[in-house]
Structures are given as structure tokens and as C-alpha cells.
Amino acid sequence: MSQSANQLLSKLASSDKHGEASPYFDGWKAYDNNPYHPIHNPHGVIQMGLAENQLCSDLIKEWIRKNPQASICTAEGIDSFSDIAVFQDYHGLKQFRQAIAAFMERARGGRVSFEAERVVMSGGATGANETLMFCLADPGDAFLVPTPYYAAFDRDLRWRTGIRIIPVACNSSNNFQVTKQALESTYLKAQETGIKIKGLIIANPSNPLGTSLDRENLESLVSFINDKQIHLVCDEIYAATVFAEPKFISVAEIIQEMVHVNRDLIHIVYSLSKDMGLPGFRVGVVYSYNDAVVSCARKMSSFGLVSSQTQSFVAAMLSDQRFVDNFLVEVSKRVAKRHHMFTEGLEEMGISCLRSNAGLYVLMDLRQMLKAQTFESEIALWRVIINKVKINISPGSSFHCSEPGWFRVCFANMDEDTLQVGLERIKDFVLGDKASKNENYNCICNNKRENKKRKSFQKNLKLSFSSMMYDEHVRSPKLMSPHSPLLRA
């Protein structure tokens, strides 16, 4: 943007702090510019960078067919049109808040209760997280966030609020679990530099790890924030996607059992985007145990309300307990099946993933494909995967991962046929056809001159991705199939 144009705009509008300058968003743009379609664009980019749940939409469609009166846009529901279409205040429809509270309880196994009066609606989890930041901190204040963390937190939490994120480095030696020692160390360093820490933010289950916190870890985190008297914000938007042990435990359950906990410090973010696969509905929730936060967040919700039409429909659907119970069973079952299908396919080609039990994605380990264990090498590999393999996955560095070579891959936002195409592309890139690979290998071994030429070619092979040379950062593809996209390039 030119300097003269900048002078006409606010600092917010002219800054680059939105966070879009990230491979996470660049991958989406690559897909948008060339989206895969099995018939119309079979060589397009497959979107495996979007954590979206399309596995249970058939259940919702079936419910709609059986309950047409739930929508004011049908002949059966038209009588409610005038009541719903008129102005609604920012408290939200009573039946909506009650249904949301009941659904949150059932998604947590009925082991904890939620009060409808503490449910504050927001425009998705994005709006809910930002609203909490406005309520809890001033510009310049900071929150601790264990790494790797959701890439868009940089936008959601910081851009308009002016707060800071202080990463708490975690590593793969313990599956990236945050430790109290790491929290204490990061907290102390921040204080020594004059940074005011207002709280800790965690995603449980984690995005991008796909893991849920056990009781011991949650108790440790609650003890830490209680000792420091700082806030704890728990993003629980993947609660119902848990498909294996340990079962999901909400922070609400933990504080119910612990004594001497200042509940004013505990806040939960929830939405229907992931568990129910309804991101377009923009149903987000702030649930706080702090009365002042509930009051302030409700006033702020005027800037991100859920439409009354959506509230009415969601209230009707979530009030059907038989439907909800069946849906929660099915979503866990179907996520487990898809997770197994994808990870098994990767295992067959020698690729492992971080062991996970939740979420709509896996953290794929491609460290063995990096020629150097650097983030430059990771980005070089990612660019090849985007531009040549034509798959959008997200590099760990976009999630502030402390180690290069990890990639988040989503598996629930497509049908099984597209997933298989994605697996075949990965297989072709990493291994290639076994027979072709052996033939290629034998050819190389039996012809030293050709082998020398091939090595020379690989050494000088340049891929014009951010002026990086592929062979500087990624392991040589000489053992890959001649059909590999890399060798074709």
C-alpha cells in the first residue's frame, strides 16, 4: 500500500498484523486458485488444509426433512416468521441459550452442567475468542499459549485487540504436552522483561495435535493459573470429535472437583463449527464463570450476533435429545473410521503421525524428508507439495511448532474418493510405484555414467519457490519413482 494511501487509513487498516502472511493462508489461496474436482479439474489442488467436518451432514439433512417446521422458510414453519424476523436483543433467544447449554453438557458426557444464563453468543469461535480478549486484557498485555497452536490465533487474538501472544515451547519428546516447568519458565522470563501476563490459552482437544488433555494435565494447568491469579481460556470446539482414550475432559469438570479454585478466572470457548460441521452458521459461544465477563461479553456480542433465524433452527434441532445422542455417537464413530483410513494409508508408505485421539486432522511427520532440520527446509518441502503434488497441507511452522518437519493434514472435509486421490498423490511423491522404483534403482546401479548425470541434475535442480533450491533443504529424490511429480518437475 502506498504511503499516501496509508495516511488516509487507520493504523489497524494499514498494518500487516492480520496474520495472513502465513503458509497456512497461502495454502488456502493456492486451493482457491486451482480447486480439485474429480471431473472438471482432476489435476487441481486437493484441500487438506481445512479442518472441517463433512462426515455427518447426512444426519442433519435427514433431521431437516423430518422436521420442516424448524425453519421459518418452509410452509410448515412460516407461522413463526414474524416472531423470529423482528428485532432480537443481544441476549439471544432463550430457547437457543438453553439448547446450547444442554448440548454442551451432552457433548461432555453429562458429567458437568452449564447454565443457560452464562451462554453468550458470538459469530463463531473466532468472535468468541476475540471477545474474551477484549474483556480480559488491555493492548500490550499478553497471554501464554503452548505450541504448536492454531495458526489463526495470531489473527483472532491479537489483530484488533492489541494483546500479545507469548509462545510456550513444547516438543515431540513428550508428544508436545505442555509442562508446568515450561509454563513457569516462560512466565518468569516475560515478567523479567516487563510483560504483563493476563492468562493462559489452551485448545482442548488441540489443533493441530489432535490430542486431548488428561485429568492430571488439566489439574496442573488450573493450579498454575490459580497460583498466579491469571485467566485460563479453554477452547473446546473439538470436544465431540474425541474418538479414543483418553476421553474428553472439560475444564468445567476439573473445577467442579477441585477446591479453592477462583472460578472467576475460568472461561470456555465453544462453537458448532467442528463438532456438528456447521461453520457457515457462525454459532460461537463464550461461557464464563465470571459474572462481569458474562455481562461485558454480552454487550460486545452486538458486534457479532448469530441471526435469529439460525438461533431458532439450532434451538429446535438441539432440543431433540434422541437426535443429539445419536449424532454424538455417530460423529465420534465416523471420525475414528476416517482417521484410521487415512493414517493406515500413510503407514503403508512409511509415514507416521503423532498419536492422536481427537480432531479432524493428524500431525504428519515428514522430518525424514528434510535434508536439513530447519524451517527453511520445511517451507521448501511444503512449496513442492503445494505446487507439484497439488495438495494443500499446513507446515508446522505456521502453527509455531518448535521442530521443523511436522505438517497438519485434514481428512474430514472431503469424501472418501477424494481422500484416496490425496493418498495416492502422497504415495507417488514419497515412494512412487515400487516396481518402477526398483527398476529405476537397478538402472542407476548398472550405469555409473547415468547415475553421475542424474546426481548432477539433482544437485542443480532448482524449483522457483521463493528463490529456494529444493536440494538445499529437502532430501534428494533419487530413490523416488520416475513418475514422482518432483522428478517430472
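Which residues touch the most other members of the largest nonpolar core? In this predicted model, they are I100, M276 and F342, within a core of 144 residues. Helix α14 (residues 321–348) supplies the largest share of this core, nine residues. A second, separate core has five residues, including Y24, A151, A152 and F399. In soluble globular proteins, nonpolar side chains tend to be buried together.

**The sheet**

Seven strands form an open sheet with mixed pairing, in the order β2-β8-β7-β6-β5-β3-β4. The edge positions are taken by β2 (119–123) and β4 (164–168); each has a single partner strand, so one side of each is left without a neighbour in the sheet. From one strand to the next, the twist averages 25°. Within the sheet, β5 (residues 197–203) pairs with β6 in the parallel sense over five bridges, and G199 stands opposite H231 in β6.

Two helices lie across strands of this sheet. Helix α7 (residues 124–136) lies across β2, β3 (142–146), β5, β6, β7 (266–271) and β8 (283–288), and runs at about 115° to β2. Helix α10 (residues 215–228) lies across β3, β5, β6 and β7, and its direction is at about 165° to β5.

| Helix pair | Axes come within | Crossing angle |
|---|---|---|
| α14 and α16 (residues 416–430) | 10 Å | roughly 20° |
| α6 (residues 94–107) and α14 | 11 Å | roughly 40° |

An angle under 35 degrees counts as roughly parallel, and α14 and α16 are therefore roughly parallel to each other. The crossing of α14 past α16 is right-handed. On the α14 side, K337, R338, M341, F342, G345 and L346 meet E416, L419, Q420, L423 and I426 of α16.

Where does E236 lie? E236 is in the loop between β6 (231–235) and α11 (251–257). E236 is buried, with a relative accessible area of 0%. Leaving out residues up to four places away in sequence, E236 touches R108, N204, F248, S250, V251, I268, V269 and Y270.

L272 belongs to the loop between β7 and β8. Is L272 buried or exposed? L272 has a relative accessible area of 2% and is buried. Its partners, residues up to four places away in sequence again not counted, are I100, F103, G277, L278, V283, V314 and L318. L272 and I237 are 35 residues apart in sequence, yet their C-alpha atoms are 7.3 Å apart in space.

Methods
Residues numbered from 1 in each chain as written. Predicted model: local features only at pLDDT ≥ 70, side-chain atom pairs only at ≥ 80, totals over all residues. Heavy atoms only, no water. Helix = DSSP H or I, 4+ residues; strand = E, 2+ residues; numbered from the N terminus. Buried < 20%, exposed > 50% of the residue type's maximum accessible area, 1.4 Å probe, protein only. Contact = heavy atoms within 4.5 Å. Core = buried A, V, L, I, M, F, W, Y, C linked by side-chain atoms within 4.5 Å. Pairing = 2+ DSSP bridges. Axes fitted to C-alpha atoms, helices over the stretch in contact; angles between N-to-C directions. Parallel < 35°, antiparallel > 145°, perpendicular 65-115°, else oblique. Left-handed = near helix turned anticlockwise from the far one by under 90°.
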